[in-house]
Amino acid sequence: MLEELFFIHKNVVKNIPEEFKRYLYDDINWNAKAICIFGSRGVGKTTLLLQHYLNEYNDVEKCLYISADNINVISNGLYKVAQEFFKYGGEALIIDEAHKYPNWSLEIKNILDTYKDKKIFFTSSSIVDLKESKYDLSRRVVYYELKGLSFREFLAFELKENLQKYVLKDLLNKHVEYAGNLIDKVPVLKYFKEYLKLGYYPFYLESKIDFVNKLDNIIEKTLLEDLAVKYNIKEHNVYNLKKMLWLISSSHPFVPNIDKLNRTLGISQEYIHKYFNYLELAGLINFVREKDSGFRFVRKPGKIYLENTNLIYIITGKVNINNEKGNIRETFFLNQLKDILTINLCDQGDFLVDDKYVFEVGGKNKNFSQIKDLKNSYLAIENIEIGAGNKIPLYLFGFLY
């Protein structure tokens, strides 16, 4: 059994890039006994863990990579594989896509309880399974969420050099300096345009030609495997999930009208709310809400966006993309800030950030008329290389992680 798993391990590890590491790498406490990296399909969770393997172990007899849906793992059992590996001196186990193994959380719990001096690293692309896991691992496991590439990371990959990340306060005060340093070296708007189409998922590096097919496949697997199987969603309602994604991607932005959706999709209001919740859990959409609380907060999402701009290009298609520029701009802004800062809807601008800053997102002809009387108000503008005052290039908000 171990011989076959060692063979698979070596084939997987030999193609792992070591030059650039994701933003999350240095934030992880690698001394923790058990670590879970979770996030949407395709964002680079496996690569991140295998980079740690290469840095810390680089020896299959010390640290073994296995995939949870591998036939050897399923037929022998996850606990049995760990038992066999640790018996021969193994120190750590990397379990890829742990949620694909039946009763994964129970067996990981048993491994951790039995082998207290060993380490477990695992990934999951199913946030649904993590949140609804029957067995509580929260006291044993440290969880980290990995997003797709920021624009800063995409540019670093393309230029093959490290680029500094900024905090929002510094960006607001020093954006002219930051932009000036960047545009002296690179045609930043050219790269930004490419990033919006295909730069969020690291697998674009493997082949830009195959990117569309790979992302299409990720969407299908997320709907058919992560959601339909988990929630017993029938085939015709999977089609409704796809239609909901299309409606969101082709709106500027999508403001849900539940009564209208009820008539259009032919499903009850209860299931419309459930399906939106499932799509958010699966990492395909983002809600932006007003500052509120309680039941009304849950039932009133305010506006809904796709999780990232690459999804807009895939789902909407090239035919309608010129009509979706506003949606693309706001989707990018939300995506790059939402896991770092708090973002809510704003009556006068587009977004209220950290209860302090108001942002209006737009094209280069956008002016301050809508937010002119507001303190701490800013324009985030596409298609400008450098800004002035409170007018900031949109692409710079991609340097926050």
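Close-up 1. The model is predicted: local features need pLDDT of at least 70, side-chain atom pairs count only at pLDDT 80 or more, and totals for chains, interfaces and linings use all residues. Residues are numbered from 1 along each chain as its sequence is written, and side-chain values use heavy atoms, with hydrogens and water left out.

**Close-up 2. Aromatic pairs.** The structure holds 37 aromatic pairs (rings of Phe, Tyr and Trp, the latter by its six-membered ring, with centres within 6.5 Å; planes under 30 degrees apart are stacked, over 60 edge-to-face, the rest tilted). Phe151 and Phe192 pair edge-to-face, with 5.2 Å centre to centre and 75° between the planes. Phe151 belongs to helix H7 (residues 151-159) and Phe192 to helix H9 (residues 188-198), 41 residues apart. Helices (H or I, at least four residues) and strands (E, at least two) are DSSP runs, numbered from the N terminus. Both Phe151 and Phe192 are buried. Phe276 and Phe287 are also edge-to-face, at 6.4 Å centre to centre and 75° between the planes. Phe276 lies in helix H13 (residues 269-281) and Phe287 in strand E6 (residues 285-288), so this pair ties together parts eleven residues apart in sequence.

**Close-up 3. An aromatic cluster.** One aromatic cluster includes Phe151, Phe154, Phe192, Phe332 and Phe399. Among its tyrosines are Tyr166, Tyr178 and Tyr395.

**Close-up 4. Lysines over tyrosine rings.** Lys190 lies over the face of Tyr191, 4.5 Å from the ring centre (NZ of Lys or CZ of Arg within 6 Å of the ring centre and within 35 degrees of the ring normal). The charged end of Lys274 sits over the ring of Tyr271, at 4.8 Å from its centre.

**Close-up 5. Helix H16.** Helix H16 (residues 325-337) has 13 residues and spans 19 Å from first to last C-alpha, close to the expected 18 Å (1.5 Å times one less than its number of residues). Twelve of the 13 residues of H16 are buried, including Arg329, Glu330 and Phe332.

**Close-up 6. A five-stranded open sheet.** The strand order is E8-E9-E10-E11-E12, with mixed pairing (two strands pair if DSSP finds at least two bridges between them). Strands E8 (343-345) and E12 (391-393) are at the edges, each with a single partner strand, so one side of each has no neighbour in the sheet. E8 and E9 (residues 351-353) run antiparallel, joined by three bridges; Asn344 has Leu352 as its bridge partner in E9.

Methods. Buried < 20%, exposed > 50% of the residue type's maximum accessible area, 1.4 Å probe, protein only.
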